[in-house]
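Please keep the sequence and the three-dimensional view at hand while reading.

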Amino acid sequence: MLLKNNRSTELLNAHLLANNLTLEAFEMWTGFDMVNDFYKLRSADQLAFTDIGENRLKAYQFICEELKDITDEKLKLWLRIFEKSRKGAPSNHFRIDLEADSIKNITP
């Protein structure tokens with residue numbers, strides 16, 4: 001889809017290079033992985049960042065930016081929602097107990 005959305009492969013490769021990404025980085029996961037990670041972000045917010053990984057988050061950001069002008073309105077909406085979840089306000093209502101090795105939710 002990235003190749004389809006760009007006018008040229010050279011332009012896409014230039015954008016990838018500028019973001020320290022390669023096409024091979026996108027072959028390591030599927031759309032199902034992105035949906036699964038979306039639910040991780042919705043449920044755990046920034047606590048999910050470690051589980052998802054920095055490279056994959058960077059790839060997701062790249063996809064959301066590159067496909068923001070896609071003609072498929074449903075996909076465009078989903079990508080906007082995904083990006084807002086990824087960049088949402090940080091969670092600040094939890095406590096990390098290092099002795100018990102646990103994270104506890106705190107009611108505000």
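In helix α5, the residues Leu57, Ala59, Tyr60, Phe62, Ile63, Cys64 and Glu66 are buried, where buried means under 20% relative accessible area, exposed means over 50%, and partly exposed lies in between (1.4 Å probe, protein chains only). The model is predicted, so that local features need pLDDT of at least 70 and side-chain atom pairs count only at pLDDT 80 or more, while totals for chains, interfaces and linings use all residues. Residues are numbered from 1 along each chain as its sequence is written, and side-chain values use heavy atoms, with hydrogens and water left out.

Helix α5 itself covers residues 54-66. Its 13 residues reach 18 Å from the first C-alpha to the last, close to the 18 Å expected at 1.5 Å a residue; the expected span of a helix is 1.5 Å times one less than its number of residues.

The chain as a whole contains six helices and two strands. Helices (H or I, at least four residues) and strands (E, at least two) are DSSP runs, numbered from the N terminus. Read from that terminus on, the order of the elements is α-α-α-α-α-α-β-β. Of the 108 residues of the chain, 27% count as buried. The accessible surface comes to about 8000 Å², and 53% of it belongs to carbon and sulfur atoms; such areas come from the Shrake-Rupley method with a 1.4 Å probe, and for residues only the protein chains shown count as cover. Contact means heavy atoms within 4.5 Å. Among contacts between residues at least 6 apart in sequence, 56% join residues at least 24 apart.

The interior comes next. In soluble globular proteins, nonpolar side chains tend to be buried together. A nonpolar core is a set of buried Ala, Val, Leu, Ile, Met, Phe, Trp, Tyr and Cys residues joined through side-chain atoms within 4.5 Å. The largest such core here has 20 residues, and those with the most contacts inside it are Phe26, Trp29, Met34, Tyr60 and Phe82. Two or more residues each are given to this core by α2 (9-18), α3, α4, α5 and α6. Helix α5 gives the most, with six residues. Tyrosine 60, which is buried in α5, is in contact with Trp29, Asp33, Met34, Asp37, Ile52 and Phe82, leaving aside its neighbours within four places in sequence.

Helix α6 covers residues 73-86. Its 14 residues should span 20 Å at 1.5 Å a residue, and the end C-alpha atoms are 20 Å apart, which agrees. At the start of α6, a side-chain oxygen of aspartate 72 reaches to within 3.1 Å of the backbone nitrogen of lysine 74. The buried residues of α6 are Lys76, Leu79, Phe82, Glu83, Ser85 and Arg86, and they pack against α3 (31-44), α4 (48-52) and α5.

Why does lysine 76 count as buried? Its relative accessible area is 17%, and this residue is therefore below the limit of 20%. Not counting residues up to four places away in sequence, lysine 76 touches Lys68, Asp69 and Ile70. Lysine 76 and cysteine 64 are twelve residues apart in sequence and 8.4 Å apart in space, C-alpha to C-alpha.

Strand β1 (residues 94-97) and strand β2 (residues 102-105) run antiparallel and are joined by four bridges; two strands pair if DSSP finds at least two bridges between them. Phenylalanine 94 has asparagine 105 in β2 as its bridge partner, while aspartate 97 is partnered by serine 102.

Two loop residues complete the picture. Aspartate 101, in the loop between β1 and β2, takes a phi near 55 degrees, a positive value in a residue other than glycine. At 71% relative accessibility, aspartate 101 counts as exposed. Asparagine 20 lies in the loop between α2 and α3. Its phi is positive, about 55 degrees, although asparagine 20 is not a glycine. With a relative accessibility of 63%, asparagine 20 counts as exposed.

Definitions and conventions
Polar contact = N/O pair within 3.5 Å; in protein donor to acceptor, adjacent residues only side chain to side chain.
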